[in-house]
Amino acid sequence: MALAFDRTRIDFASYKPQHFLWQLDGKVATITLNRPERKNPLTFESYAELRDTFRALVYADQVKTVVVTGAGGNFCSGGDVHEIIGPLVRMQEAGDMQGLLDFTRMTGDLVKAMRACPQPIVAAVDGVCAGAGAIVAMASDLRFGTPESKVAFLFVRVGLAGADMGACNILPRIVGSGRAAELLYTGRSMDGAEAERWGFYNRLVAGDRVLAEAQAMAASLAAGPTFAHAMTKRCLHQEWSMTIDDAIEAEAQAQAICMQTKDYGRAYRAFVAKQRPVFEGD
C-alpha cells in the first residue's frame, strides 16, 4: 500500500528511468549504466536520477537487493568530460562557487542515498571503473570484479583532491588507510587481482560471469531474512562514528528488534525440524 505522505513513490515493477536501465527479477533489481559507446560516463541528469532512485528504494517493499553494473564490458568511466567537466570548468572561470558546491553536494547525495537505502547493493565491475564510477562501486555493499577490470580514483589526475563523495572516509575502511592514501594521492589504477588482494573486491570472476555471479549473490541475500539484512546494513553504516560501547548497545537494540520478527521464529522451527528455513523478510 502506498504511503499517503509519499508523493514521489516509484512503482519499481514498471519503472522506466531515462538515464540507465532498470530490471526487476523477483526481488532483485539490476541497474545498468548504459552508454557503452563512452564507457558509461555519468551526467548531471544520471547522477540525479540515480540519487532519486536509491532514495525511493527506502519505500520499495518489492525490492530486496540491488545489483549495479555497466553495459558493453565496462562499469563506468566517471563524470562525462564534455557534459560535466566542461560545464564545471566554465563555472570555475565564471567564479560560480555556489554552482560548484551544489554539484559536489549533489554527487555526494548519491552516496548518501546508496548507504541509506535498506537493500544490500552488489556491484558487478568489469573493464573501466574510474572516478565517480569507482565511487559507485566503493559505495556498494559488495563488489564482484573481473581480472580485466581497472579501478582508479583518478581525481588527482584532473587537479582535484582524492576527497570526493566520501572516498577519504569509506575507502580506508575497505582497503586500509595506507592503501587508500596511495590510491587517492596517485590516482593510479588497480587491476582485478590487486583489487581482490587489497580487499576492494569480495570476489574475482570471469568477465562473462561477473553479472550472473553478482545477481546470484543478490538473489541469495533477497531469499534471506531481509529485515535483518537491512538492520545489518544500517549498523555497518552508523557504527563508524560510535565508540565500542555505543556500538555494542546499538547492536543489542538492533538484535532485540530482529528477534521480534517472524523470520526469527521460522529459523528456529526449521532448525528443530531439520529443514532449511524459508524467510519472508518480516
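**First stop: a proline in a helix**

Select P172, which counts as partly exposed because its relative accessibility is 23%, and buried would mean under 20%. The model is a predicted one. P172 sits in helix α5, residues 167-175. Leaving aside residues up to four places away in sequence, P172 touches A167, S177 and A180. P172 and Y185 are 13 residues apart in sequence, and their C-alpha atoms are 13 Å apart in space.

**The three-stranded sheet**

Next, select β5, β7 and β8. These strands form an open sheet in the order β5-β7-β8, and the pairing is mixed. At the edges are β5 (128-130) and β8 (189-191), each of which pairs on one side only. From one strand to the next, the twist averages 20°.

Zoom in on β5 and β7. The two strands run parallel, and 3 bridges join β5 to β7, residues 150-152. A130 stands opposite A152 in β7. Helix α4 packs on this sheet, where it touches β5 and β7, and the direction of α4 makes about 90° with that of β5.

Keep α4 selected. Is this helix mostly covered or mostly open? α4 is mostly covered, with 8 of its 8 residues buried. The buried residues are A132, G133, A134, I135, V136, A137, M138 and A139.

Then colour the largest nonpolar core. This core has 55 residues, and F54, F153 and F200 touch the most other members. Helix α4 (residues 132-139) gives the largest share of the core, 7 residues.

Which residues does F200 touch? Not counting residues up to four places away in sequence, the contacts of F200 are A134, A137, M138, R143, V151, F153, L171, I174, V175, M190 and A195. Another core, of 10 residues, lies apart from the largest one; V122, A124, V205 and A218 are among its members.

**The six-stranded sheet**

Move on to the sheet that starts with β1. Here 6 strands form an open sheet with mixed pairing, in the order β1-β2-β3-β4-β6-β9. Its edge strands are β1 (21-25) and β9 (203-204), and each pairs on one side only. Strands of a sheet pair through backbone hydrogen bonds, either parallel or antiparallel.

Select β1 together with β2 (residues 28-33). These two run antiparallel and are joined by 5 bridges. Two of the partners can be picked out by clicking: W22 has I31 in β2 as its bridge partner, and L24 has A29. The hairpin of β1 and β2 has 2 residues between the strands, and G26 takes a positive phi near 65°.

**Last stop: two packed helices**

Finally, select α2 (residues 81-93) and α3 (residues 97-116). How do these helices pack? Their axes are 8 Å apart, and the packing angle is about 145°. The crossing of α2 and α3 is left-handed.

Show the side chains where the helices meet. From α2 come I84, L88, M91 and Q92, which meet G99, L100 and F103 of α3. By class, this contact of α2 with α3 has 5 nonpolar and 2 polar residues, and no charged ones. An α-helix has 3.6 residues a turn, so residues three or four places apart point the same way.

Key. Residues numbered from 1 in each chain as written. Predicted model: local features only at pLDDT ≥ 70, side-chain atom pairs only at ≥ 80, totals over all residues. Heavy atoms only, no water. Pairing = 2+ DSSP bridges. Helix = DSSP H or I, 4+ residues; strand = E, 2+ residues; numbered from the N terminus. Axes fitted to C-alpha atoms, helices over the stretch in contact; angles between N-to-C directions. Left-handed = near helix turned anticlockwise from the far one by under 90°. Contact = heavy atoms within 4.5 Å. Nonpolar A, V, L, I, M, F, W, Y, C, P; charged D, E, K, R; others polar. Core = buried A, V, L, I, M, F, W, Y, C linked by side-chain atoms within 4.5 Å. Buried < 20%, exposed > 50% of the residue type's maximum accessible area, 1.4 Å probe, protein only.
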